[in-house]
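This briefing is intended to be read alongside the sequence and the three-dimensional structure. Please keep both in view while working through the points below.

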Amino acid sequence: MENIYIKREALSYPKMQFILNRINSHGCTNYKIVENEEEYRDIICSKKIGYKEQKRNLFFGLKKGNFLKKYYLDKNFLGIKEEYYLSYEKNCPYNCTYCYLRDYYDNGAYHYYVNTEDMYRELDAFKKSGTMISAGIVNDTLAYDYITYTTKDLIHYFKNREDLILEIRTKSTNINNLLREEPSKNVVIAFSFNPESIINKYENNTAIFKKRVEAVKELQEKGYYIGLRFDPMIYDPNDVEHNNYKEMINYIFKNINLNKIKDIGIGSLRYKKSLKEKVLNDIKTDLFYSEMVIGIDGKERYFKPIRISLYKSIVNEIKKYGDFNIYLGMEPEYVWKEVLG
Ligand code: SF4
(Lines give C-alpha, C1' and ligand atoms only; values in the text may rest on other atoms or scores of the structure.)
Protein backbone atom coordinates (compact mmCIF):
# COMPACT_ATOMS: atom_id res chain seq x y z
CA MET A 1 0.00 0.00 0.00
CA GLU A 2 1.70 3.17 -1.08
CA ASN A 3 -0.73 5.81 -2.27
CA ILE A 4 -4.29 5.69 -1.05
CA TYR A 5 -7.06 7.79 -2.56
CA ILE A 6 -10.54 7.99 -1.06
CA LYS A 7 -13.53 9.57 -2.71
CA ARG A 8 -15.01 12.05 -0.23
CA GLU A 9 -18.54 10.65 -0.65
CA ALA A 10 -17.29 7.19 0.35
CA LEU A 11 -16.19 8.37 3.79
CA SER A 12 -19.69 8.14 5.26
CA TYR A 13 -20.04 4.44 4.41
CA PRO A 14 -19.53 1.90 7.24
CA LYS A 15 -17.28 -0.26 5.03
CA MET A 16 -15.02 2.72 4.35
CA GLN A 17 -14.75 3.48 8.06
CA PHE A 18 -13.90 -0.16 8.73
CA ILE A 19 -11.24 -0.16 6.00
CA LEU A 20 -9.78 3.12 7.29
CA ASN A 21 -9.32 1.53 10.71
CA ARG A 22 -7.61 -1.44 9.11
CA ILE A 23 -5.37 0.81 7.00
CA ASN A 24 -4.43 2.83 10.09
CA SER A 25 -3.65 -0.34 12.01
CA HIS A 26 -1.15 -1.18 9.27
CA GLY A 27 0.61 2.09 10.05
CA CYS A 28 -0.59 3.83 6.91
CA THR A 29 -2.14 7.19 7.81
CA ASN A 30 -1.24 9.04 4.66
CA TYR A 31 -4.19 9.09 2.29
CA LYS A 32 -5.63 11.69 -0.01
CA ILE A 33 -9.30 12.62 -0.25
CA VAL A 34 -10.46 13.21 -3.82
CA GLU A 35 -13.77 14.58 -5.02
CA ASN A 36 -14.28 12.00 -7.76
CA GLU A 37 -12.71 9.05 -9.58
CA GLU A 38 -11.61 11.26 -12.48
CA GLU A 39 -9.54 13.45 -10.17
CA TYR A 40 -7.63 10.45 -8.87
CA ARG A 41 -7.24 9.03 -12.39
CA ASP A 42 -5.76 12.36 -13.53
CA ILE A 43 -3.23 12.14 -10.70
CA ILE A 44 -2.19 8.62 -11.73
CA CYS A 45 -1.98 9.49 -15.43
CA SER A 46 -0.20 12.81 -14.91
CA LYS A 47 2.57 11.01 -13.07
CA LYS A 48 3.27 9.07 -16.27
CA ILE A 49 4.16 6.07 -14.19
CA GLY A 50 4.39 2.54 -15.55
CA TYR A 51 1.90 -0.24 -14.98
CA LYS A 52 3.88 -1.75 -12.11
CA GLU A 53 3.93 1.60 -10.28
CA GLN A 54 0.23 2.15 -10.95
CA LYS A 55 -0.42 -1.02 -8.98
CA ARG A 56 0.90 0.66 -5.86
CA ASN A 57 -2.12 2.98 -5.86
CA LEU A 58 -5.37 2.13 -4.13
CA PHE A 59 -8.65 3.89 -4.75
CA PHE A 60 -11.76 3.57 -2.59
CA GLY A 61 -14.95 4.88 -4.11
CA LEU A 62 -18.58 4.16 -4.85
CA LYS A 63 -19.95 1.94 -7.57
CA LYS A 64 -22.59 3.47 -9.74
CA GLY A 65 -23.43 0.48 -11.98
CA ASN A 66 -24.23 -3.12 -11.09
CA PHE A 67 -21.98 -5.11 -8.80
CA LEU A 68 -23.26 -8.40 -10.16
CA LYS A 69 -22.11 -8.81 -13.74
CA LYS A 70 -23.13 -11.34 -16.33
CA TYR A 71 -20.93 -12.31 -19.23
CA TYR A 72 -21.10 -14.88 -21.97
CA LEU A 73 -18.40 -17.24 -23.08
CA ASP A 74 -18.10 -17.74 -26.81
CA LYS A 75 -20.77 -20.18 -27.98
CA ASN A 76 -18.10 -22.18 -29.79
CA PHE A 77 -16.60 -23.23 -26.51
CA LEU A 78 -17.95 -26.01 -24.34
CA GLY A 79 -18.82 -25.48 -20.68
CA ILE A 80 -20.83 -22.82 -18.94
CA LYS A 81 -22.10 -20.26 -21.43
CA GLU A 82 -23.44 -17.69 -19.00
CA GLU A 83 -21.29 -16.70 -16.05
CA TYR A 84 -21.64 -14.26 -13.19
CA TYR A 85 -19.12 -12.38 -11.14
CA LEU A 86 -18.98 -9.70 -8.47
CA SER A 87 -17.19 -6.45 -9.20
CA TYR A 88 -16.81 -4.83 -5.77
CA GLU A 89 -13.10 -4.56 -6.51
CA LYS A 90 -10.91 -4.49 -9.59
CA ASN A 91 -7.22 -5.16 -10.20
CA CYS A 92 -4.85 -6.54 -7.60
CA PRO A 93 -1.38 -5.85 -6.21
CA TYR A 94 0.22 -8.78 -8.05
CA ASN A 95 1.54 -8.42 -11.55
CA CYS A 96 1.14 -11.54 -13.67
CA THR A 97 2.61 -10.95 -17.11
CA TYR A 98 -0.36 -12.60 -18.84
CA CYS A 99 -3.06 -10.79 -16.80
CA TYR A 100 -5.83 -9.68 -19.16
CA LEU A 101 -6.81 -6.86 -16.80
CA ARG A 102 -3.92 -4.79 -18.14
CA ASP A 103 -5.83 -4.68 -21.40
CA TYR A 104 -9.29 -4.49 -19.83
CA TYR A 105 -8.89 -1.38 -17.66
CA ASP A 106 -7.16 1.90 -18.43
CA ASN A 107 -4.91 1.70 -15.37
CA GLY A 108 -3.50 -0.88 -12.99
CA ALA A 109 -4.47 0.74 -9.68
CA TYR A 110 -6.51 -1.26 -7.21
CA HIS A 111 -10.14 -0.13 -6.85
CA TYR A 112 -12.59 -1.03 -4.10
CA TYR A 113 -16.22 0.11 -4.01
CA VAL A 114 -17.44 0.52 -0.46
CA ASN A 115 -21.20 0.72 -1.09
CA THR A 116 -21.38 -3.05 -0.76
CA GLU A 117 -24.90 -2.84 0.75
CA ASP A 118 -26.01 -2.29 -2.85
CA MET A 119 -24.24 -5.49 -3.90
CA TYR A 120 -26.12 -7.54 -1.32
CA ARG A 121 -29.40 -5.95 -2.40
CA GLU A 122 -28.64 -7.03 -5.98
CA LEU A 123 -27.85 -10.53 -4.78
CA ASP A 124 -31.12 -10.63 -2.80
CA ALA A 125 -32.97 -10.01 -6.05
CA PHE A 126 -31.00 -12.68 -7.93
CA LYS A 127 -32.98 -15.93 -8.03
CA LYS A 128 -31.26 -18.18 -10.59
CA SER A 129 -30.85 -21.23 -8.41
CA GLY A 130 -27.66 -23.28 -8.87
CA THR A 131 -25.63 -20.38 -10.32
CA MET A 132 -21.98 -20.08 -9.44
CA ILE A 133 -20.97 -16.50 -8.75
CA SER A 134 -17.26 -15.78 -8.80
CA ALA A 135 -15.68 -13.13 -6.62
CA GLY A 136 -12.34 -13.40 -8.45
CA ILE A 137 -12.68 -12.56 -12.13
CA VAL A 138 -11.45 -8.95 -12.19
CA ASN A 139 -9.43 -9.18 -8.98
CA ASP A 140 -7.73 -11.62 -6.63
CA THR A 141 -10.33 -12.21 -3.90
CA LEU A 142 -7.84 -12.63 -1.07
CA ALA A 143 -5.06 -10.19 -2.02
CA TYR A 144 -6.41 -7.28 0.08
CA ASP A 145 -8.87 -9.27 2.19
CA TYR A 146 -6.75 -8.54 5.27
CA ILE A 147 -7.85 -4.90 4.89
CA THR A 148 -11.36 -5.18 3.46
CA TYR A 149 -12.60 -8.37 5.20
CA THR A 150 -14.96 -8.87 2.25
CA THR A 151 -14.74 -12.66 2.43
CA LYS A 152 -16.22 -12.51 5.93
CA ASP A 153 -19.25 -10.58 4.61
CA LEU A 154 -19.58 -12.82 1.56
CA ILE A 155 -19.41 -16.04 3.55
CA HIS A 156 -22.05 -14.76 5.99
CA TYR A 157 -24.30 -13.81 3.09
CA PHE A 158 -23.88 -17.04 1.09
CA LYS A 159 -24.45 -19.18 4.20
CA ASN A 160 -28.09 -18.18 3.85
CA ARG A 161 -28.12 -18.54 0.06
CA GLU A 162 -27.71 -22.27 -0.42
CA ASP A 163 -29.32 -21.87 -3.85
CA LEU A 164 -26.10 -20.16 -5.09
CA ILE A 165 -22.42 -21.10 -5.15
CA LEU A 166 -19.70 -18.59 -4.31
CA GLU A 167 -16.23 -18.93 -5.81
CA ILE A 168 -13.34 -17.18 -4.08
CA ARG A 169 -10.32 -17.18 -6.42
CA THR A 170 -6.72 -16.48 -5.49
CA LYS A 171 -2.98 -16.81 -5.95
CA SER A 172 -2.33 -15.58 -2.43
CA THR A 173 -2.16 -17.22 0.99
CA ASN A 174 -4.12 -14.54 2.87
CA ILE A 175 -6.45 -17.08 4.41
CA ASN A 176 -6.71 -15.84 8.01
CA ASN A 177 -10.19 -14.40 7.57
CA LEU A 178 -11.39 -17.64 5.97
CA LEU A 179 -9.98 -19.67 8.85
CA ARG A 180 -12.01 -17.59 11.31
CA GLU A 181 -15.31 -18.44 9.54
CA GLU A 182 -17.37 -21.60 9.50
CA PRO A 183 -17.19 -23.06 5.97
CA SER A 184 -20.39 -23.63 4.00
CA LYS A 185 -20.75 -26.27 1.33
CA ASN A 186 -21.66 -23.66 -1.27
CA VAL A 187 -18.42 -21.67 -0.85
CA VAL A 188 -15.47 -22.89 -2.93
CA ILE A 189 -11.97 -21.54 -2.50
CA ALA A 190 -10.26 -21.81 -5.89
CA PHE A 191 -6.46 -21.71 -5.95
CA SER A 192 -4.57 -21.07 -9.18
CA PHE A 193 -1.42 -23.10 -9.62
CA ASN A 194 1.55 -23.14 -11.90
CA PRO A 195 4.97 -24.78 -11.41
CA GLU A 196 7.38 -22.74 -9.32
CA SER A 197 9.52 -21.91 -12.37
CA ILE A 198 6.48 -20.37 -14.11
CA ILE A 199 5.40 -18.51 -10.97
CA ASN A 200 8.89 -17.03 -10.62
CA LYS A 201 8.91 -15.89 -14.22
CA TYR A 202 5.38 -14.70 -14.87
CA GLU A 203 3.37 -14.38 -11.64
CA ASN A 204 5.18 -11.54 -9.93
CA ASN A 205 4.59 -11.00 -6.21
CA THR A 206 2.13 -13.90 -5.85
CA ALA A 207 2.55 -16.58 -3.17
CA ILE A 208 5.16 -19.23 -3.85
CA PHE A 209 3.96 -22.67 -4.95
CA LYS A 210 4.47 -24.62 -1.72
CA LYS A 211 2.82 -21.92 0.39
CA ARG A 212 -0.28 -22.15 -1.83
CA VAL A 213 -0.38 -25.92 -1.26
CA GLU A 214 -0.05 -25.30 2.51
CA ALA A 215 -2.94 -22.84 2.35
CA VAL A 216 -5.12 -25.41 0.55
CA LYS A 217 -4.31 -27.98 3.23
CA GLU A 218 -5.19 -25.63 6.07
CA LEU A 219 -8.48 -24.63 4.49
CA GLN A 220 -9.44 -28.25 3.82
CA GLU A 221 -8.66 -29.10 7.45
CA LYS A 222 -10.99 -26.27 8.44
CA GLY A 223 -13.68 -27.88 6.26
CA TYR A 224 -13.61 -25.86 3.02
CA TYR A 225 -14.06 -27.34 -0.43
CA ILE A 226 -11.27 -26.38 -2.81
CA GLY A 227 -11.18 -25.69 -6.53
CA LEU A 228 -7.91 -26.24 -8.35
CA ARG A 229 -7.22 -23.98 -11.33
CA PHE A 230 -4.40 -24.83 -13.71
CA ASP A 231 -4.98 -21.93 -16.02
CA PRO A 232 -3.11 -20.55 -17.85
CA MET A 233 -0.73 -23.45 -18.43
CA ILE A 234 2.39 -22.07 -20.09
CA TYR A 235 4.43 -24.11 -22.53
CA ASP A 236 8.15 -24.44 -21.92
CA PRO A 237 9.92 -25.45 -25.19
CA ASN A 238 12.79 -26.83 -23.07
CA ASP A 239 10.39 -29.23 -21.38
CA VAL A 240 8.37 -30.82 -24.18
CA GLU A 241 7.26 -33.68 -21.88
CA HIS A 242 5.83 -31.08 -19.49
CA ASN A 243 7.64 -32.65 -16.55
CA ASN A 244 7.29 -29.39 -14.63
CA TYR A 245 3.50 -29.77 -14.70
CA LYS A 246 3.59 -33.49 -13.91
CA GLU A 247 5.77 -32.85 -10.86
CA MET A 248 3.46 -30.04 -9.81
CA ILE A 249 0.39 -32.31 -9.93
CA ASN A 250 2.09 -35.05 -7.96
CA TYR A 251 3.22 -32.65 -5.26
CA ILE A 252 -0.25 -31.13 -4.90
CA PHE A 253 -2.18 -34.38 -4.94
CA LYS A 254 0.15 -36.07 -2.44
CA ASN A 255 -0.23 -33.19 -0.02
CA ILE A 256 -3.91 -32.26 0.00
CA ASN A 257 -7.18 -33.99 0.90
CA LEU A 258 -8.47 -35.55 -2.30
CA ASN A 259 -11.99 -35.84 -0.86
CA LYS A 260 -12.33 -32.10 -0.54
CA ILE A 261 -11.69 -31.10 -4.15
CA LYS A 262 -14.80 -29.55 -5.66
CA ASP A 263 -13.60 -29.18 -9.24
CA ILE A 264 -10.52 -28.75 -11.41
CA GLY A 265 -10.27 -26.16 -14.18
CA ILE A 266 -7.59 -26.37 -16.86
CA GLY A 267 -6.70 -23.90 -19.59
CA SER A 268 -3.69 -22.59 -21.45
CA LEU A 269 -2.22 -19.20 -22.30
CA ARG A 270 -4.45 -17.07 -24.51
CA TYR A 271 -4.50 -13.34 -25.05
CA LYS A 272 -5.59 -10.57 -27.34
CA LYS A 273 -3.00 -9.01 -29.59
CA SER A 274 -3.58 -5.71 -27.79
CA LEU A 275 -2.48 -7.24 -24.48
CA LYS A 276 0.71 -8.58 -26.05
CA GLU A 277 1.50 -5.14 -27.44
CA LYS A 278 0.94 -3.43 -24.10
CA VAL A 279 3.11 -5.93 -22.23
CA LEU A 280 5.96 -5.79 -24.75
CA ASN A 281 5.86 -2.00 -24.70
CA ASP A 282 6.41 -2.15 -20.97
CA ILE A 283 8.69 -5.09 -20.16
CA LYS A 284 10.97 -7.69 -21.70
CA THR A 285 9.47 -11.16 -21.59
CA ASP A 286 9.64 -14.43 -23.51
CA LEU A 287 6.00 -15.22 -22.69
CA PHE A 288 4.87 -14.67 -26.29
CA TYR A 289 7.82 -16.35 -28.03
CA SER A 290 6.03 -19.59 -28.94
CA GLU A 291 4.34 -19.84 -32.29
CA MET A 292 0.67 -19.12 -31.76
CA VAL A 293 -2.57 -19.44 -33.72
CA ILE A 294 -5.60 -17.16 -33.64
CA GLY A 295 -8.58 -18.91 -32.07
CA ILE A 296 -12.27 -18.50 -32.93
CA ASP A 297 -12.51 -15.85 -30.23
CA GLY A 298 -9.76 -13.79 -31.89
CA LYS A 299 -7.27 -14.61 -29.15
CA GLU A 300 -3.82 -16.00 -29.78
CA ARG A 301 -3.18 -19.42 -28.26
CA TYR A 302 -0.80 -22.38 -28.71
CA PHE A 303 -1.25 -24.72 -31.67
CA LYS A 304 -3.84 -27.39 -30.93
CA PRO A 305 -1.29 -30.26 -30.59
CA ILE A 306 0.64 -28.28 -27.97
CA ARG A 307 -2.51 -27.44 -26.02
CA ILE A 308 -3.72 -31.02 -26.09
CA SER A 309 -0.32 -32.31 -25.05
CA LEU A 310 -0.21 -29.81 -22.15
CA TYR A 311 -3.70 -30.78 -20.96
CA LYS A 312 -3.12 -34.52 -21.32
CA SER A 313 0.10 -34.32 -19.35
CA ILE A 314 -1.72 -33.15 -16.25
CA VAL A 315 -5.03 -34.93 -16.78
CA ASN A 316 -3.21 -38.26 -16.98
CA GLU A 317 -1.38 -37.51 -13.74
CA ILE A 318 -4.59 -36.37 -12.01
CA LYS A 319 -6.40 -39.55 -13.05
CA LYS A 320 -3.84 -41.62 -11.12
CA TYR A 321 -5.37 -40.15 -7.96
CA GLY A 322 -9.02 -40.81 -8.78
CA ASP A 323 -12.00 -39.39 -10.65
CA PHE A 324 -12.49 -35.66 -10.35
CA ASN A 325 -14.78 -33.08 -11.87
CA ILE A 326 -12.45 -31.65 -14.55
CA TYR A 327 -13.32 -28.96 -17.09
CA LEU A 328 -11.37 -27.14 -19.78
CA GLY A 329 -11.48 -23.36 -20.06
CA MET A 330 -12.27 -21.80 -23.44
CA GLU A 331 -11.77 -24.92 -25.54
CA PRO A 332 -14.04 -26.32 -28.26
CA GLU A 333 -15.79 -29.67 -27.99
CA TYR A 334 -13.23 -31.63 -30.03
CA VAL A 335 -10.48 -30.65 -27.60
CA TRP A 336 -12.60 -31.70 -24.61
CA LYS A 337 -13.24 -35.07 -26.30
CA GLU A 338 -9.60 -35.67 -27.08
CA VAL A 339 -8.39 -34.73 -23.60
CA LEU A 340 -11.17 -35.97 -21.35
CA GLY A 341 -12.72 -38.70 -23.52
S1 SF4 B 1 -3.45 -12.50 -9.56
FE2 SF4 B 1 -5.05 -12.51 -11.13
S3 SF4 B 1 -5.82 -10.41 -11.15
FE4 SF4 B 1 -3.87 -10.34 -10.11
S5 SF4 B 1 -2.34 -9.86 -11.69
FE6 SF4 B 1 -2.43 -12.10 -11.53
S7 SF4 B 1 -3.93 -12.74 -13.08
FE8 SF4 B 1 -4.23 -10.52 -12.73
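The points that follow are grouped by topic. The model is predicted.

**Helix H11**

- Helix H11 comprises 13 residues, numbered 243-255. From the first C-alpha to the last, H11 reaches 18 Å, close to the 18 Å expected at 1.5 Å a residue.
- Tyr245, Met248, Ile249 and Ile252 are the buried residues of H11. Viewed down the axis of H11, these buried residues fall within an arc of 95°, so they line one face of the helix.
- In general, an α-helix has 3.6 residues a turn, so residues three or four places apart point the same way.
- Asn243, Lys254 and Asn255 are exposed and sit on the face of H11 turned away from its buried side.
- The cover over the buried residues of H11 includes helix H10 (209-222), strand E13 (225-233) and helix H13 (304-319).

**Helix H7**

- Helix H7 spans residues 150-159, and its residues Thr150, Thr151, Leu154, Ile155 and Phe158 are buried. They cover an arc of only 130° around the axis, which puts them on the same side of H7.

**Ligand surroundings**

- The residues surrounding the ligand are Cys92, Tyr94, Asn95, Cys96, Cys99, Leu101, Asn139, Asp140, Lys171 and Thr206.
- Sorted by class, this shell holds five nonpolar, three polar and two charged residues.

**Arg56**

- Arg56 belongs to the loop between helix H3 (51-54) and strand E3 (57-61).
- With 15 other C-beta atoms within 10 Å, Arg56 is partly exposed.
- Leaving aside residues up to four places away in sequence, Arg56 touches Glu2 and Asn3.

**Three-stranded sheet**

- Three strands form an open sheet in the order E15-E17-E16, and their pairing is antiparallel. Strand E15 (270-271) and strand E16 (292-294) stand at the edges with a single partner strand each, so one side of each is left without a neighbour in the sheet.
- E15 and strand E17 (residues 300-302) run antiparallel and are joined by two bridges. Tyr271 has Glu300 of E17 as its bridge partner.

**Backbone features**

- Asn91 is not a glycine, yet has a positive phi of about 70°. Asn91 lies in the loop between strand E6 (89-90) and strand E7 (95-96), and is buried, with 25 other C-beta atoms within 10 Å.
- His242 likewise has a positive phi, of about 55°, without being a glycine. His242 is placed in the loop between E13 and H11, and counts as buried because 22 C-beta neighbours lie inside 10 Å, where the cut-off is 20 or more.
- The peptide bond from Asp231 to Pro232 is cis, with omega near 10°. Pro232 is part of strand E13, a strand that is also among the elements covering the buried residues of H11.

Definitions and conventions. Residues are numbered from 1 along each chain as its sequence is written. This is a predicted model: local features need pLDDT of at least 70, side-chain atom pairs count only at pLDDT 80 or more; totals for chains, interfaces and linings use all residues. Helices (H or I, at least four residues) and strands (E, at least two) are DSSP runs, numbered from the N terminus. The expected span of a helix is 1.5 Å times one less than its number of residues. A residue is buried if 20 or more other C-beta atoms lie within 10 Å of its own, exposed if 12 or fewer, and partly exposed in between; C-beta atoms are placed from the backbone. The arc is that of the directions from the helix axis to the C-beta atoms. Two residues are in contact if their C-beta atoms, placed from the backbone, lie within 7 Å. A residue is near a molecule or strand if its C-beta atom, placed from the backbone, lies within 6 Å of it. Ala, Val, Leu, Ile, Met, Phe, Trp, Tyr, Cys and Pro count as nonpolar, Asp, Glu, Lys and Arg as charged, and the others, Gly among them, as polar. Two strands pair if DSSP finds at least two bridges between them.
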